[in-house]
Each structure stands twice: as structure tokens, then as C-alpha cells.
Amino acid sequence: MAQFKGVFMIQLYGGQQTRAAIVRWYLEELGIPYEFVVMDMKAGAHKQPDFLAINPMGKVPALVDGEVKLWESGAILLYLADSQEKMPEDAGARGQVYQWVLFANSTLPQAMTGEAKETQLPKLLTALDAALTGKEFLVGDTLTVADVAMASILSYAQMLFQIDFSPYSAVQSYLGGMTERSAFRKGIMGQD
């Protein structure tokens, strides 16, 4: 269990089937105590002044850690990795972590729908497959926040967009290993 380095308990705001699950997975991996504040999105809880003071965009996830207020799942993930000293010491390896988190939060999801699903997604998955060949993790030899970001989006691709990873054996193997993690099952799947 990772040592909690903050003074205040973290509050994570999210709703059912939102990217807050990605942050929950990482919090579970880190062993950080947190409160998951379930927002009733249908009732407009994310549009209320108290929540807009946390995230003026009115979206989830949002995180409060003492005086720190953040939104955007990728930014929250990187903040947690940095604040818990889970980022690689080497600048090049840190850059790779940033690269994969941003790729997973922006480039990859944009290629999962419409025409891009047929034209761009196969190219991206082919390159990702090559990057994962012979590896268990994206950066280094242990799980990093990059793996949390990537495997979350890949699992959503399967669940929500019925993306078939069978042509990409390294991606399929990687995702299989990530989904076996107990923190993944608790954070992403909501299993205790």
C-alpha cells in the first residue's frame, strides 16, 4: 500500500459510467484513501454552484485534494502520479509517460468513431501493438499511470465501441493482464 502523502482525504467526483472510473482505478492502485462522491448527472448536480466552484466546466471527473482542485482525467492521473512520487526519475521516461497518457486521453478515443474508426484506428492500434510487443507495461518494467490511462481507454473501446483487438496480439495480451488486476476490477468495473 502506497503511503498517503496528503493531509486531506481526496474527494473524487464522478457519475455512473464516466471517466472518474479511470481515476478510481489509479487511486486503488496507489492505495490512497479517497471519498467517491457520486454525482447525479441526470438531476444536474454537475451544474450546481458548489460543484462549478470545483470544475467551472461542469464535467466529471473532478478531484479535490486539500486546496488542489483539478478536472480532466489525464491531468488528475498525472497529478496523482507526481504527488505520490510515482513518476520515473529519468526525464525521457517521464516524457514517455506523458506521451502515452495524452495519447490515451485524446488521440486514441478520437479514432474510435465515425470514419476514423476505419481509417485511423487500425494504424494507431498497429503502432501500439508494436510498442507493446514483448512488454507487460508501456514504460519500464512496472505499472505506471500511463498503463492506467491506456488500459482504461482500451477497455472502454471494447465495452462501448465493440473494438476487436484480436488482430493485435500484443494489445490483446496487455489488456488481458491489466483487466486481471484487482484495482482495475474495483475502479473500472465497480467490483469490490
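Visitor: Where is S152 found?
Guide: Keep in mind that this is a predicted model. The DSSP runs of helix are numbered from the N terminus. On that numbering, S152 is found in helix 7.

Visitor: Is S152 buried or exposed?
Guide: A residue under 20% relative accessible area is called buried. S152 has a relative accessibility of 0%, so S152 counts as buried.

Visitor: Which residues does S152 touch, not counting residues up to four places away in sequence?
Guide: Touching here means heavy atoms within 4.5 Å. Leaving out residues up to four places away in sequence, the partners of S152 are I22, W25, D147 and I188.

Visitor: Which residues in helix 1 meet helix 7?
Guide: Let's start on the helix 7 side, where the contact involves V145, D147, V148, A151, S152, I153 and Y156. By class, the contact of the two helices has nine nonpolar, one polar and one charged residues. From helix 1, the residues taking part are A21, I22, W25 and Y26.

Visitor: Are helix 1 and helix 7 parallel or oblique to each other?
Guide: Their axes come within 10 Å and cross at roughly 140 degrees. Roughly antiparallel would need an angle over 145 degrees. Helix 1 and helix 7 are therefore described as oblique.

Visitor: How many residues of helix 7 are buried?
Guide: Helix 7 has 17 residues and reaches 23 Å from its first C-alpha to its last. This helix is mostly covered, and the number of its residues that are buried is 13.

Key: Residues are numbered from 1 along each chain as its sequence is written. This is a predicted model: local features need pLDDT of at least 70, side-chain atom pairs count only at pLDDT 80 or more; totals for chains, interfaces and linings use all residues. Side-chain values use heavy atoms; hydrogens and water are left out. Axes are lines fitted to C-alpha atoms, for helices over the stretch in contact, and angles run from 0 to 180 degrees between N-to-C directions. Helices (H or I, at least four residues) and strands (E, at least two) are DSSP runs, numbered from the N terminus. Angles under 35 degrees count as roughly parallel, over 145 as roughly antiparallel, 65 to 115 as roughly perpendicular and the rest as oblique. Ala, Val, Leu, Ile, Met, Phe, Trp, Tyr, Cys and Pro count as nonpolar, Asp, Glu, Lys and Arg as charged, and the others, Gly among them, as polar. The expected span of a helix is 1.5 Å times one less than its number of residues. Buried means under 20% relative accessible area, exposed over 50%, partly exposed in between (1.4 Å probe, protein chains only).
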